[in-house]
Amino acid sequence: MNNGSTYPNKEVTADEFLKSDETFRQLIKNSFDMLVLLDSDGVQRYVSESCKKILGYDPRELTDISVIESMIHPDDQAKTKQGFLDIVKHSKHGGTQYRHRHKNGDWVYLEAYGNNQLHNPDIQAVVLNVRDITERKKAEKALKDSETRLSELIATKDRFFSIIGHDLKNPFSGILGFSELLIDQLKNKHYDDSLELAQMIQHSSKRVMDLLNNLLAWAQSQTGKTKFNPEYFEIDEVADEVIDLLRDSSHQKSISLTNGIPPGTLVYADKPMITLVLRNLVSNGVKFTQPGGKIDIESEKNKGEISISVIDNGVGISKDNIEDLFNVDKRHSSKGTYNETGTGLGLLLCKDFIKTHGGRIWAESELDKGSKFTFMIPQKTGC
Ligand code: ADP
């Protein structure tokens, strides 16, 4: 070695090679792993130079510090401390994973394997072999995320087919039945009930259309295909359009619809999404309110947010059911006051779309008194 040659140069034996302090220093310095020596109190007495590559710190900055308290992520401190105590007290060999602060403020995932050498007179320390496993952790997380996403997509697909199977069948049976009757009547030149039958067909077709719109919007939102395009628009105008759209069904039940949002109320939001949310809430109001009832749409602007409420004096919702209204696993649906059927999809869709806006949706209700559904969306300052 003194003549400058290095192992495996044939002139130097392996034994001679390993005797050199400088050789060891170079080996440790160039290792991808970090070598750390801790005293029995967890104070770092030596940190090899690899810490520069892994953690951005100079070894001197990490020496003579209580590493667990000062450098390890608060959520990982307890288990790391326990692992260290096991090594110190019970002379256990042990590995643990934790997040260590990088000099740039990020967290680096490390895996440390410890060996108690406190009683070894040449070392007198707990020796840690520390490896950067950030990339491995990232890959593990990506795999887990994609697994979760995949099982959500499979559940969505299953739900999608069950909705198509059950919920689309009823209105279609209605359309087929009414149209057969209408054809019979027209063949026999009985025109008396034709208008009524045609209206029933139209009514059922509208329900199928509504359902399909919800179904498609929901499938798109579940598969991440819904585009979020916020813009400025007047939400009182959207409420007017929704009321217009639902005028037929509300007239049939003599339910009054009022838009209490002040004219010119500007919001910054995705217009198609908010239109769908309002349509679902108002159409639920109509569905679950007795003939002669009323539905109001109201708004409240606070600093940095706007809340829109749809208030009805309908059948209300029991305490048990209100908790599950927005729960995707407990898709709840009941018949309306005219026996209208539903899918329990509307509110889930509302929740998804309001969440996309970074907002919240909730319901307050009392059985037989009525319900108030409110959604709040954050607003750009100045809106
Ligand atoms: P759907 O109306 O198609 O069943 P929703 O998700 O819109 O699906 O609503 C789910 C359920 O929540 C309804 O079936 C009903 O039981 C209840 N609900 C929603 N809105 C109201 C309301 N305004 N009044 C009473 N119950 C309601």
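**Notebook: the ligand shell and the sheet beside my notes**

I began with the ligand: 18 residues surround it, with Asn284, Ser333, Ser334, Thr343 and Leu347 the closest (near means a heavy atom within 4 Å). I am working on a predicted model, where local features need pLDDT of at least 70, side-chain atom pairs count only at pLDDT 80 or more, and totals for chains, interfaces and linings use all residues. Numbering starts from 1 along each chain as its sequence is written, and side-chain values use heavy atoms, with hydrogens and water left out.

A side-chain N or O atom of Asp312 sits 2.9 Å from a ligand nitrogen. For Ser371, a side-chain N or O atom is 3.4 Å from a ligand nitrogen. Leu347 uses a backbone N or O atom, 2.8 Å from a ligand oxygen. I then checked burial: the ligand alone exposes 530 Å², and the protein buries 95% of that (Shrake-Rupley areas, 1.4 Å probe).

I turned to the sheet. I found it open, with 5 strands in the order β7-β9-β10-β12-β11 and mixed pairing (strands, DSSP E runs of at least two residues, pair if DSSP finds at least two bridges between them). β7 (256–259) and β11 (360–366) are the edge strands with a single partner each, so one side of each has no neighbour in the sheet.

I also looked at β7 and β9 (294–302): they run parallel, joined by 4 bridges. Asn259 has Ile297 in β9 as its bridge partner.

Terms used
Polar contact = N/O pair within 3.5 Å; in protein donor to acceptor, adjacent residues only side chain to side chain.
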